Amino acid sequence: MAYFPFFFEVNRLKGIVIGGGRIALEKIEKLNGYDADITVIAPEVLPEIGAYGCVKEIIKKEFEPTDIKDADYVIAATNISELNETVRLVCREKHLPVNVVDNQPLCDFIFPSVYKKGSLVVGVSSSGASPQVAVELRKRFEESTPDNIEEILDYLASIRPYVKEKVTDSKIRHHLFADIARESMRVGRALSENELEKIITEAID
C-alpha cells in the first residue's frame, strides 16, 4: 500500500478525536503546532489534553455516530479496539477520512514522522512498514538542515515578486528560481544583491 503525502491547511478543517487518554494525547500533540481545530470526545479526558491550543472543545461522553456529523476528518484513538473499529465503520458510511491509531490497515490516512522548522515541513513515512525507519530518516534530514533555514526560506519568498518582474519567460524563471535556491543552500544564507543580479543576468543572457 502506498500513501501520497497531501499537505492540508488543517486550520481550515474540523478534526474529531475519539478518545481522551495517552493514545489521543500523542496524536493531538503532533497536530498542535499546525493551528488545527480539534474536538475531543471521550467519557474521561486527560487534563494535559485541554492544555493544547488546538483543542477547541472537549465533550465528555460516550461516542455516538452523530458526534462526527460536522467533521472533516476523524481520529479513533481509544484503547478499545472494538470502539475504534465502530468509529471507522461510521466514518466509512459518511465518507470521512479516518485514522485508527495503531491499526494501519483500517486507516484512510496515517501520521508521518514530521520535521518542522518555520515554513519548512517534511513528512517521512514507510507506509506502515517500519515507523522506526521513518523516524531515523527524519532525524538525519533534521541534522543536515541548515540552522538558518527559516532565514533562507524567507529570503527566497521575498525575492519572488522581483524575479517575476525581471524575468517574464516562465521557463527561464522556473530554472532561475531553482538556481537561486541551490546557491542560497550552498552558501547557507540569503544572497547579496550582487550575487542575485549575477545569477539573473547569466540566466537571461
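**Exercise 1. Find how much space lies in the largest pocket, and say which residues are closest to its centre.**

Step 1: The space in the largest pocket comes to about 1,600 Å³. A pocket here is an open set of points on a 1 Å grid over the protein atoms alone, where a 1.4 Å probe fits, with protein on both sides within 12 Å along at least five of seven lines; lining residues have an atom within 4 Å of a point. The volume is the space filled by probe spheres set on the points.

Step 2: The lining takes in 44 residues, and Phe109, Ile110, Phe111, Pro112 and Val114 are the closest to the centre.

Step 3: Sort the lining by class and you get 26 nonpolar, 9 polar and 9 charged residues. For the classes, Ala, Val, Leu, Ile, Met, Phe, Trp, Tyr, Cys and Pro are nonpolar, Asp, Glu, Lys and Arg are charged, and the others, Gly among them, are polar.

Step 4: At least two lining residues each come from helix H1 (22–31), strand E5 (98–100), strand E6 (113–117), strand E7 (120–124) and helix H4 (131–144). H1 gives the largest share, 5 residues. Helices (H or I, at least four residues) and strands (E, at least two) are DSSP runs, numbered from the N terminus.

A word on the source: this is a predicted model, where local features need pLDDT of at least 70 and side-chain atom pairs count only at pLDDT 80 or more, while totals for chains, interfaces and linings use all residues. Residues are numbered from 1 along each chain as its sequence is written, and side-chain values use heavy atoms, with hydrogens and water left out.

**Exercise 2. Describe how helix H6 and helix H7 cross.**

Step 1: The axes of H6 (residues 170–187) and H7 (residues 193–204) come within 10 Å and cross at roughly 145 degrees. Axes are lines fitted to C-alpha atoms, for helices over the stretch in contact, and angles run from 0 to 180 degrees between N-to-C directions.

Step 2: The H6 and H7 crossing is right-handed, a term for the near helix being turned clockwise from the far one by less than a right angle.

Step 3: On H6, the contact uses Ile172, Leu176, Asp179, Ile180 and Glu183; on H7, Leu196, Ile199, Ile200 and Ala203. Contact means heavy atoms within 4.5 Å.

Step 4: By class, that makes 7 nonpolar, no polar and 2 charged residues.

**Exercise 3. Is Ser113 buried or exposed, and what does Ser113 contact?**

Step 1: Ser113 is in strand E6.

Step 2: Ser113 counts as buried because its relative accessible area is 10%. The cut-offs are under 20% for buried, over 50% for exposed, and partly exposed in between (1.4 Å probe, protein chains only).

Step 3: Setting aside neighbours within four places in sequence, Ser113 contacts Val122, Gly123, Val124, Ala134, Val135 and Arg138.

**Exercise 4. Check the phi angles of Asp35 and Asp102.**

Step 1: Most residues other than glycine have a negative phi.

Step 2: Asp35 has a positive phi, near 55 degrees, and sits in the loop between H1 and strand E2 (37–41). With a relative accessible area of 48%, Asp35 is partly exposed.

Step 3: Asp102 also has a positive phi, about 65 degrees, in the loop between E5 and E6. At 76% relative accessibility, Asp102 is exposed.
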